[in-house]
Amino acid sequence: MIFSEFSKRISTALIAIILLAIVVSFAGLIHNIDQKNINELNSDFTINSSYYIDKSNNIDLNNILSNTDFIASKLNSIPYALAQQSYWIKLSLHYPIDKTSITTSAQKSFIQGSGNKQLILMAEHSMLDTFIVYQLNALTAPEKIYHKRANSKELSQNVYPYARLKLNQFGHSEYLIKVKNSGPPNIPLLLFTPQDFEQRVLLSQLIYGAFIGILLIMAIYNLVLFFADKDKVYLLYIGYLLSAFALLSSLTGYGYFLFSDRVMQLLSKYIIFTHFLLIIFLLLFTLYFLRYDRLKHWAYKYSLVFSIVISLLGLYSLSLNELTQTKLFFSLQPLFYIVVLFLILNRLKRDFLWARFYFLSWLPLLGGAIIQPLVLLNQLEYSFLTGNALLFAIMIEVTFMAFALAERIRRNEQEKLAMVAYHQSNHLPRQTNLDHKISQLIAEGKQDFTVIVIKPEQFHRIELYINEQIRVQFFQHLNLKLSSLFRFNDAVLNITEQFEKLCYLENSSLAIVIDNSLNEQDIALFVNSIQQAARDVFYIKDLKLPLSAYIGLANFSAHDSSSKSMINNASIAANKAELTQNKWAYFTQKDNQSSPSSIQLAIDLQQAITTQGFELFHQPQIDLKTNKVCGSECLIRWHHPTLGHVSPDIFIPVAEDFGLIPSITLWVVETALSQQAALTEHTGLNHMVSINISGKDLIQANFIDDITKIINRSDIKAEKIIFELTESVSFAQNNIAIETIENLIKLGITISLDDFGTGYASMSQINQLPFQELKVDREFVENVCSNNKRKVIAETAVKMAKGLGLEVVAEGINSSLDEETLRSFGCDIGQGYYYAKPMSYEQYLSWLNHLSNGQIPASLEGEYIPASLK
């Protein structure tokens, strides 16, 4: 790992050196190009110039020659403006005619004694409408020596409009120039010797070729990445590259080397629209490159709206003239930069490593985007560097973007690996790391090792009252505490490349693996140190709890030689540890036999739901005033194909954990109503039917709709249905559950609070929820007279409920004494083995048919059978 990091640093340094060498070479090349331009500082020429602005575009040659309103100015300091007007420029050149007096070698080429002597006058503007050059002679009429025409056969005339200036033998030549443009206002006029002009053209073409090459490579590279990753950010970047290519090809005129005149005319016509496309693609690329769509940041939505506004304005600009288009775009450009810089800086603040290269790519782009428009608008002095600032900026930018995209790909791979290896909520190693380590030990033939699962004590109850943030902090703190404890213990093996030793299990536990051959500490002391560390961590909302952790240990066994089975065995042992005094236990094969796999049980449950593998039992409820059967409670039973009878106490929690409860509840409701309708038809008794539902049912999105549909399909009125709410936790604070209860009552269904007096079924529930019936738990009903405290509690509960106007049901009546006592308290309904045990539908139907008008005989003495769990 250290070597890998060193290699990365060496590679980065080499890349930086190569880039620096390229920049230095490029700077030297650009300086050399600028030095070829003839001016008074680098030559023996004296250059005088003056200008006149023809705002009407109507003055002809004769009128301008007689005009005395020319204003003296340096050749490239003429105040060109963004307007439809023509410029007349007088250019006067003074130069030595004696060859020996020339101090620079640059101009010797055109002074060769006799023969024609020439200079090249180039207009650095490819979108000139008018470029006419006249040579002025004192004795003769002006001679037109150049007139720019469209579709010139000489490509360089389209890219660099130029005229060949004849120099006379008197050391003084004068020229009259007329220029008018349809693009940016600035029109740099440059002077070269013929040889230097050819070199200038050649170097410019080389730079443009490099620009095309870089864009082409980046476009192909991103296209390959798109097909590999299907990420639209690469297509947006290709759109940006194509827009930049079209814009600069038109702006510099270099596109004439690649495209026909018609294509270039279209590019020139829509050059402002191309500007709009460029910033739209760049904004969208920035937005998705920096992953604002995943961050769900408010800037994402507003940036999309802004891009739509720019797009509409871009389309609207097509209906405007060129001057208005230009003003519209440049008025929007500062706002665009503000938005994009905010996006970059905001992301940079959150994650510098992620955004650093993209941030660096914007530095040259901003420089070029500011400098070149200032030059084009005649607000900044022209040079080859400033005149092509945007081209150079984009070349540098795409280079940095290549690094940014590479960094993004690397970061994506890291995130994918992190998603596999680490939990996204608490950033702790996943179980897969431990699986891999155990599998590695087994493959190496090692057998003397132990998997240990650390389960925080009572955490499943505590997490009901804390939010996700506190839950995450708890496990991060516990992980940190235990990691410090194991840091120098070689017996606790590393499970990740980052030398982490603990992993987080989905059942809110941590796990480690220890090599027993390296463990010199007694296992009891080792476990006690873990429990002490866990005890120190148990701060929940500033409350220090006297809790530690349950520890489960599973040694390697040839019978359970997979990583998954060892971790499961250690988890089973941790559950068993809850029943021990020292709170830790080893796994044994006996534990495995008595604890069927929850996953397999869930699979079998799902199969039972599909194949109608459950059965409903009915236990009658008796009106204690009339001794008549007034209803029955429906109880689900499951006879497993191989395990036999499985208690609801076993399969209901599994169904809740695996999200199967809603399906089971709907099956129970539909079956209960169907059987109740059949019972009514066969017996003529119009009884109530009580059905147990879970608090988890109440928060299901379609629960009310599903219940309504079932009632509509049956012949049972809602007023004959009682829903008994059975839940081990409170749902009184859940607004969705309360709303569902209220909607059930509106349907006509009676809501009963089951198991009153135990767990959460207490006064707080009655106070906050609209119950109509209260069911006293069997714990306070069975043998009610055998214990005075039990009797007082039962009597108080009944009288309190009656005082609140609730109907009271007592379950667990197992004798006539229980019945008489509850009747004396004012209890309304009785249920228990004194009357009948739960029966199948057929047995219950037969039992009802043996009654006289549905009434239990007053002298009934039922057989006492110890109560079993529902």
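Predicted model: local features only at pLDDT ≥ 70, side-chain atom pairs only at ≥ 80, totals over all residues.
Isoleucine 622 has valine 629 of β18 as its bridge partner. The two strands form a hairpin with five residues between them, and asparagine 627, located in the turn, adopts a positive phi of about 60°. Strand β17 spans residues 614-623, and because eight of its 10 residues are buried, the strand is largely enclosed by the rest of the structure. Burial here denotes a relative accessible area under 20%.

Elsewhere in the model, six strands are arranged as an open sheet in the order β2-β1-β3-β8-β5-β6, with antiparallel pairing. Its edges are formed by β2 (71-72) and β6 (143-147), each of which pairs on one side only. Within the sheet, strand β1 (residues 46-54) runs antiparallel to strand β3 (residues 86-94), and nine bridges join the two. Threonine 46 is placed opposite histidine 94 of β3. In general, strands of a sheet pair through backbone hydrogen bonds, either parallel or antiparallel.

The helical part of the analysis concerns helix α4 (residues 194-229) and helix α5 (residues 232-252), whose axes come within 8 Å and cross at roughly 160°. Since angles over 145 degrees count as roughly antiparallel, this crossing makes α4 roughly antiparallel to α5. The crossing of α4 past α5 is left-handed. On the α4 side, the contact is made by Tyr208, Phe211, Ile212, Leu215, Met218, Ala219, Asn222, Leu223, Leu225, Phe226 and Asp229. The α5 side contributes Lys232, Tyr234, Leu235, Tyr237, Ile238, Leu241, Ala244, Phe245, Leu248 and Ser249. Of the residues in this contact, 17 are nonpolar, two are polar and two are charged.

Terms used: Residues numbered from 1 in each chain as written. Heavy atoms only, no water. Buried < 20%, exposed > 50% of the residue type's maximum accessible area, 1.4 Å probe, protein only. Helix = DSSP H or I, 4+ residues; strand = E, 2+ residues; numbered from the N terminus. Pairing = 2+ DSSP bridges. Axes fitted to C-alpha atoms, helices over the stretch in contact; angles between N-to-C directions. Parallel < 35°, antiparallel > 145°, perpendicular 65-115°, else oblique. Left-handed = near helix turned anticlockwise from the far one by under 90°. Contact = heavy atoms within 4.5 Å. Nonpolar A, V, L, I, M, F, W, Y, C, P; charged D, E, K, R; others polar.
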